[in-house]
Amino acid sequence: MVRTLALIGALLFVHGVMAETIEFDFNKGFSKKLADQQLTVQSGDEIEFTWTGMHNVYKMKDKAAYDACSFDGSTLLGEQSGTKTKISGGTKHYFSCSVGRHCQNGQKLEVTVGAATVGATQSSTASMVGIFFLSSASV
């Protein structure tokens, strides 16, 4: 019984730090609003780029390439809506579309890798639930 409750507590803890898939409407950048060109994620999260029309997604070489809309040394991730990429490491990642003047017209995304505040909160709550179960089992 105690082992089962310990396992439940461990599973709850792990659930709190699992990565997410975040759907991002890549057409939003055309608004040229900075908020529509930025996204904060956690390391390990996956971004799914969705759009209508003809577009592609490049992971830009660096910020200078992103700012200049220069695709030299950048990596094509996909040419169909639903293109996914996993974010790992680093603090900033840059993406854009190379079709026509889409990048110059705002179809770009700056991704910031943030602190795991949500996951940490979920993990703390899950740990507390696990501790409660373990305490209850020993009574």
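**Close-up 1. Who sits around His93 in this predicted model?** Leaving out residues up to four places away in sequence, His93 touches Lys59, Ile87, Ser88, Leu109, Glu110, Val111 and Val113. You'll find His93 in strand β7, which covers residues 92–96. His93 is buried, with a relative accessible area of 7%. With Lys59 there is also a polar contact, side chain to side chain, at 2.9 Å.

**Close-up 2. Phe26 and Trp51 make a tilted aromatic pair.** Seven aromatic pairs turn up in the structure, and here's one of them: the ring centres of Phe26 and Trp51 are 6.2 Å apart, with 50 degrees between the planes. Phe26 comes from the loop between β1 (21–25) and β2 (38–41), while Trp51 comes from the loop between β3 (46–50) and β4 (57–59), so the pair ties together parts that are 25 residues apart in sequence. Both Phe26 and Trp51 are buried. They also belong to a cluster, linked by ring pairs, with Phe24, Phe49 and Phe95.

**Close-up 3. Tyr58 meets Phe71 edge-to-face.** The ring centres of Tyr58 and Phe71 lie 5.1 Å apart and the planes stand at 65 degrees, which is why the pair counts as edge-to-face. Tyr58 is in strand β4 and Phe71 in the loop between α2 (63–68) and β5 (75–78), so this pair ties together parts 13 residues apart in sequence. Is Tyr58 buried or exposed? Tyr58 is buried, at a relative accessible area of 18%.

**Close-up 4. Lys108 puts its charge over Tyr66.** Look for the charged end of Lys108: it sits over the ring of Tyr66, 4.4 Å from the ring's centre.

Conventions:
Residues are numbered from 1 along each chain as its sequence is written. This is a predicted model: local features need pLDDT of at least 70, side-chain atom pairs count only at pLDDT 80 or more; totals for chains, interfaces and linings use all residues. Side-chain values use heavy atoms; hydrogens and water are left out. Rings of Phe, Tyr and Trp (its six-membered ring) pair if their centres lie within 6.5 Å; planes under 30 degrees apart count as stacked, over 60 as edge-to-face and the rest as tilted. Helices (H or I, at least four residues) and strands (E, at least two) are DSSP runs, numbered from the N terminus. Buried means under 20% relative accessible area, exposed over 50%, partly exposed in between (1.4 Å probe, protein chains only). A charge sits over a ring if NZ of Lys or CZ of Arg is within 6 Å of the ring centre and within 35 degrees of the ring normal. A polar contact is a pair of N or O atoms within 3.5 Å; within protein, one must be able to donate a hydrogen and the other to accept it, and residues adjacent in sequence count only if both atoms are side-chain atoms. Contact means heavy atoms within 4.5 Å.
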